[in-house]
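User: I would like to learn how to read a model of two chains. Please take me through it feature by feature.
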Amino acid sequence: MENLDLPLIWAGLICFAIFAYVVLDGFDLGVGILSPVLEPGVERDQAINSIAPFWDGNETWLVMGGGGLLAVFPLAYAIILPATYPLMIAMLLGLVFRGAAFEFRWRDPAHQPLWDLVITVGSTVAALAQGITIGAILQGIEVENNAYAGGWLDWLSPFSILTGISVVIGYALLGATWLIRKTEGGCQRHAHRLAYWLAIATVLALVAVSAATPFLYTDYWYRWFEMPQVLWTAQVPLLVAICTGVLFWSLKKGHELMPFLMALALFLLGFIGLCISIFPNMVPPSISLWEAAAPRDSQLFLLVGAVFIIPLILGYTGWAYWVFRGKVGTEGYH
Amino acid sequence: MFEHLDAVFLARVQFAFTVSFHFIFPAFSIGLASYLMVLEGLWLKTGRGVYANLYRYWLKIFAVGFGMGVVSGIVLSYQFGTNWSEFSHKAGPVIGPLMGYEVITAFFLEAGFLGVMLFGINKVGKRLHFFATCMVALGTFVSAFWILSVNSWMQTPAGFEINAQGQFIVGSSWWDVIFNPSFPYRLVHTVTAAYLTTAFAVGGVGAWHLLKDRSNVGARKMFSMAMWMAVLVTPVQIFAGDLHGLNTLEHQPVKVLAMEGDFERSPNGAPLILFGLPDEEAATVHFKVAIPKLGSLILRHDPNAPLPGLEDYPREEWPPVAVVFWSFRIMVAIGFAMLGLGLWSLLARHRKRLYESRALHRAAVLMGPAGFVAVIAGWITTEVGRQPYTVYGLLKTAESASPLDAPAVAASLIAFIVVYSAVFGMGIYYLLRLMANPPHRGETTPPNVPSHAAGITPASSLEATDLNQDGGAHGKS
């Protein structure tokens, strides 16, 4: 136990939580983003029904990401959150609006168009804020004496706006491919058409962000292109190309599950790319994950619980998805 | 409009606002989850339809309340970082893991089983569904356990050391951190408060429908259950509150002195100030109505025991006295009003007028929201009472805040006020509308049931089973 690199293990677990969040909440935010282009009535009800039993649990991974960061990397938490203050507030308010509107749209059919609009705006704002935050972290945060030292709009740049829009598009793709899987009839056909265009847009966004990232810092350039690690990093774009090919092929063939899996794979590859750029930093350009780590006792105490409990969580979360497997109906208000 | 206010004050207002709003919903869902567990358990045991219908009736309300709790809670888990980054950096190594445990042992449990609880009645067996309800109820309690441990540690820090970077780190043991001196008292007092809050809300709703139709079976049942809670649990709560007060006197005497309004020291036994106008500037309570010696009798269990006064402590250690003084009185007054209603209901029950006494029902409707007010008042007492510290005696609130400019905090504060008022205002409106529907036979489950199971069973057949189950249950009720 003594020679375990706890900060590294925890960095891996936090990445897992964040990715689990992106996978799970990504598709339900995506459905929210897409809801205005779905026909009011049957199509939209089906779409929103398909995420109703899950969104609570999905957002718990976001709390896990935030809470985990506070517990095991308090310095990173204490720097990144003030640095992205307006983004965080916008994301939280977006999620508040959206979560509440899910409950309200069924209670109040007379105002359903209003609550659907709230779902869309809330989802889009949350996704955009998350994407811009990724860009803001990648482009670096100004730190002095272990505290954020910049202004309250430092996060705003063409690059961060690009990552923001990319995440909105990517979530929309996840949402569309989820709907292909979970719905049928008109809703499914509509989602299928959307997925095709969103897939093109997602790949373009991925290429644009990847092309811009190495120019942010020379370190990023080295991490991607220096021998010998280029032999590893070069696999990422290769896999992106393969997944893109499979995605379009499966859309054309009318597969129901494969497009969703491929959209997730693209997200995973994008996420791995992000980790390659940043590692071993926690807060680029200056604070490494070992510097940001909480004392060993704190990390170990939570790790003991996490090792036993996280598999349990995955088990019952998987069970809940199993209970609600298959296509959703349109039965709304009784 | 905010130029003269500093960022720390704005951040405090923002936290107070978001946490108070949030607290309303868990206070309700902790109690309601347990109530639903009892209702479903009784239904499985007795097979009586009235329990199944009450379960479904309150489940719809629970769904809305829980959703509000989730979204307002996510805000809090990030607000430590956005607004209190210095605190997060310094106290994170101690409180962070406890909150991490809250997430992995409680939040996932609640959220994981909530979908099945709300939408799975027709998808899983009765026992498995009951298990899901129990897991959600357990999750709410475990969540309270951890977050109150964190709060208690901030009030009565124990088991820690301070490292070279000025961070709090675990010292003697995690056990000492978690079971810090005020934690057992705070846990019992707060969780009991949540149960009572729910009981009075349920009782108020039951009474409202009894006033309209005293033969409504569901309304009678919920009113009766709630009044049993009132009469049995309120005395326990008053006793627990007294113990919590004694514990606070031991560890945070300044807070208790502010609650009591004791500016002057009382070498021969302190009076109990019932009412008055505390004046912090002049360090006195104007127009006070006091009972001699009773303060010492309550706090020291000896009428002549000496008690210090706020004057014994430097002014910069005082919390805002008037706020604490008043919020404490509101909480205590409501506690005794609850006891009164409980005893009244016992008398009415004895005279076989529990479902007939309109005056009792009116009083119960009036007391319906009392628990929420008491919970918020109690929360203000303990949180304002520990000022000027975040970690009591060790880390000042002013040294805990993020390095943010006042305009950023002011703008976000306004945004929170606007959004919360709109969203939670609507939420409370929908909750009240659901409560205004009388409980009846054939209650439906929450409306957005994804009712097309596994792609094989047509939706219509499931609907039919649903109705049959209901019908069967009613036959017996």
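User: In chain A, what share of the contacts with a separation of 6 or more comes from residues 24 or more positions apart?

Analyst: This is a predicted model. In chain A, 78% of the contacts with a separation of 6 or more are between residues 24 or more positions apart. For chain B, 76% of contacts between residues at least 6 apart in sequence join residues at least 24 apart.

User: What does the radius of gyration say about chain A?

Analyst: It is set against the value for a compact globule with that number of residues. Chain A has 334 residues and a radius of gyration of 20 Å, which agrees with the value near 20 Å for a compact globule. The C-alpha trace of chain A spans about 55 × 40 × 40 Å along its principal axes, and 56% of its residues count as buried. Its secondary structure is 14 helices and four strands.

User: How many helices and strands are in chain B, and what is its radius of gyration?

Analyst: Chain B has 14 helices and six strands. Its radius of gyration is 24 Å, close to the 23 Å from the globule rule for 477 residues, so chain B is as compact as a globular protein of that length. Its C-alpha atoms fill a box of roughly 70 × 55 × 50 Å along the principal axes, and 53% of the residues count as buried.

User: Where in chain B is the pLDDT below 50?

Analyst: Where pLDDT is low, the predicted coordinates should not be read in detail. In chain B the pLDDT is below 50 over residues 448–477, although this stretch has 50 contacts in the model beyond near neighbours in sequence. Chain B as a whole averages 83, with 92% of the residues scoring at least 70. The model scores ipTM 0.79 and pTM 0.84.

User: Which elements of chain B give two or more residues to the side that touches chain A?

Analyst: The size of an interface is often given as the accessible area lost when the parts come together. Here the count is of residues: 67 from chain B and 70 from chain A. On the chain B side, the elements that give two or more residues are helices H2 (49–83), H3 (85–119) and H13 (406–436), and strand S2 (168–170). H3(B) supplies the largest share, 23 residues. That side of chain B divides into 40 nonpolar, 24 polar and three charged residues.

User: Which residues touch the most other members of the largest nonpolar core?

Analyst: In soluble globular proteins, nonpolar side chains tend to be buried together. The largest nonpolar core has 257 residues, and those touching the most other members are Phe73(A), Ala76(A), Leu92(A), Ala176(A), Leu36(B) and Trp58(B). Leaving out residues up to four places away in sequence, Ala76(A) touches Leu69(A), Met282(A), Val283(A), Ile287(A) and Ala292(A).

User: Is Asn216(B) buried or partly exposed?

Analyst: Asn216(B) is partly exposed, because 18 other C-beta atoms lie within 10 Å, and a residue needs 20 or more to be buried. Asn216(B) is found in the loop between H6 and H7 of chain B. Its contacts, leaving aside neighbours within four places in sequence, are His209(B), Leu210(B), Pro438(B) and Pro439(B).

Terms used. Residues are numbered from 1 along each chain as its sequence is written. Chains are lettered from A and ligands numbered from 1 in the order in which they are written. This is a predicted model: local features need pLDDT of at least 70, side-chain atom pairs count only at pLDDT 80 or more; totals for chains, interfaces and linings use all residues. Two residues are in contact if their C-beta atoms, placed from the backbone, lie within 7 Å. Ala, Val, Leu, Ile, Met, Phe, Trp, Tyr, Cys and Pro count as nonpolar, Asp, Glu, Lys and Arg as charged, and the others, Gly among them, as polar. pLDDT is the predictor's confidence in each residue, from 0 to 100. A nonpolar core is a set of buried Ala, Val, Leu, Ile, Met, Phe, Trp, Tyr and Cys residues joined through C-beta atoms within 7 Å. A residue is buried if 20 or more other C-beta atoms lie within 10 Å of its own, exposed if 12 or fewer, and partly exposed in between; C-beta atoms are placed from the backbone. The radius of gyration is taken over C-alpha atoms; the globule rule is 2.2 Å times the number of residues to the power 0.38.
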